[in-house]
Amino acid sequence: MPELPEVEAVRRSLAPFLTRARIADVDVRRPDLRAPFPTAFRARLVGRTVRALDRRAKYLLATLSSGDTLIVHLGMSGSFRIDPAAGGAKAVSAADRHDHVVFSLASGAAITFNDPRRFGLMLLLTPAQLARHPVLSRLGVEPLSSEFDAAALARACRGRKTSLKVALLDQRIVAGLGNIYASEALHAARLSPFRRASTIATASGAPREAARRLTAAIKQVLTKAIDRVSGNYRSSRFRVYDREGDPCPRRNCSGVIRRRTQAGRSTFYCPACQR
Ligand SMILES: [Zn+2]
């Protein structure tokens, strides 16, 4: 299942082809993915120019010259394939039955959406619909944005009696931070997943040292993961996630990684160095 780093890597690979590109044709090869395609999907896309390709949590947002926003969620298995010189949608072979949508650009490039499990989602929203979208309008701060700092995280966690790990998975606190990277960031910051979220803030909501360490760790873990999934460097995948029973990777720590279920999700942590 793609998490934030995978979605951001997809955005970065598509952006050079899609930004300022005119959509010449759209070939929609089935009526639905997780949900039906929007009405007049093709008609509202063809002839439009993509103004910008952004990401919000795990959603890709293409702003169109019409004012509409094309929203794509990759679901469990969605991916895009870029053919820089395909020469039209019809030229993209239908050999793969999981190629569900082909966007042909005026440049001659084709962008194909492939999704074997069909949990993906495509929406086309007007500015008013975008502003009141039930998921997007409630998302918290983006972890890689400059607005996400120790003060913002402490404010959001102030007075929260829930555990820190569960708070990090709350999309209203941090947008798009998934189970894997929450565990990784807590280990990097040497913070126990089980401590109360409120302990990173003072009573008035000011950031404690723990909030500074955690904010830096979240940014670092996500940035490294984006580099890794973009293929920029090879590194071992995770330091604690899915490593139950392994020695703690922290230098000078003799702890052993444990797994515990927390709010229905697996948490991996080192009981020796995470407090
Ligand atoms: Zn440790």
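User: Before we start, what does contact mean here?
Analyst: Contact means heavy atoms within 4.5 Å. Take Leu168: leaving out residues up to four places away in sequence, Leu168 touches Leu153, Val174, Leu177, Ala182, Leu186, Leu214 and Ile218.

User: OK, and what kind of model is this?
Analyst: This is a predicted model, where local features need pLDDT of at least 70 and side-chain atom pairs count only at pLDDT 80 or more, while totals for chains, interfaces and linings use all residues. Residues are numbered from 1 along each chain as its sequence is written, and side-chain values use heavy atoms, with hydrogens and water left out.

User: Back to Leu168. Which residues have the most contacts inside the largest nonpolar core?
Analyst: Those are Leu153, Leu168, Leu177, Tyr181, Leu214 and Ile218, in a core of 31 residues. A nonpolar core is a set of buried Ala, Val, Leu, Ile, Met, Phe, Trp, Tyr and Cys residues joined through side-chain atoms within 4.5 Å. Buried means under 20% relative accessible area, exposed means over 50%, and partly exposed is in between (1.4 Å probe, protein chains only).

User: Which helices supply at least two residues each?
Analyst: Helix 4 (150-157), helix 5 (164-168), helix 6 (179-188) and helix 7 do. Helix 7 gives the largest share, 8 residues. Helices here are DSSP runs (H or I, at least four residues), strands are too (E, at least two), and both are numbered from the N terminus.

User: What about a second core?
Analyst: There's a separate one of 29 residues, with Val50, Leu60, Val72 and Val101 among them.

User: Switching topic: what coordinates the zinc ion?
Analyst: Cys248, Cys253, Cys270 and Cys273 do, each through SG, at 2.3 Å. Donors are N, O and S atoms within 2.8 Å of the metal (3.2 Å for Na, K and Ca), and water is not among the atoms, so sites may look incomplete.

User: Which geometry does the zinc site have?
Analyst: Tetrahedral, with angles of 104 to 116 degrees among the 4 donor atoms. Four donors count as tetrahedral if all angles lie between 85 and 135 degrees.

User: Where do Cys248 and Cys270 lie?
Analyst: Cys248 is in the loop between helix 7 (209-229) and strand 9 (258-262), and Cys270 is in the segment after strand 10 (265-269), so the pair ties together parts that are 22 residues apart in sequence.

User: Are those two buried or exposed?
Analyst: Both Cys248 and Cys270 are buried. Val256, in the loop between helix 7 and strand 9, touches both of them, among other residues. Val256 itself counts as partly exposed because its relative accessibility is 41%.

User: And what is Thr267 joined to by a polar contact?
Analyst: The side chain of Gln262, at 2.6 Å. A polar contact is a pair of N or O atoms within 3.5 Å; within protein, one must be able to donate a hydrogen and the other to accept it, and residues adjacent in sequence count only if both atoms are side-chain atoms. Thr267 sits in strand 10 and is buried, at 0% relative accessibility.

User: Last one: how many salt bridges are there?
Analyst: The whole structure has 15. A salt bridge is a side-chain nitrogen of Lys or Arg within 4 Å of a carboxyl oxygen of Asp or Glu. One of them joins Glu8 and Arg12, with the closest N and O atoms 2.8 Å apart. Glu8 and Arg12 are 4 residues apart in helix 1 (residues 4-18), so about one helical turn separates them.

Conventions: Four donors count as tetrahedral if all angles lie between 85 and 135 degrees; four count as square planar and six as octahedral if opposite donors are over 155 degrees apart and all others between 65 and 115; anything else is irregular.
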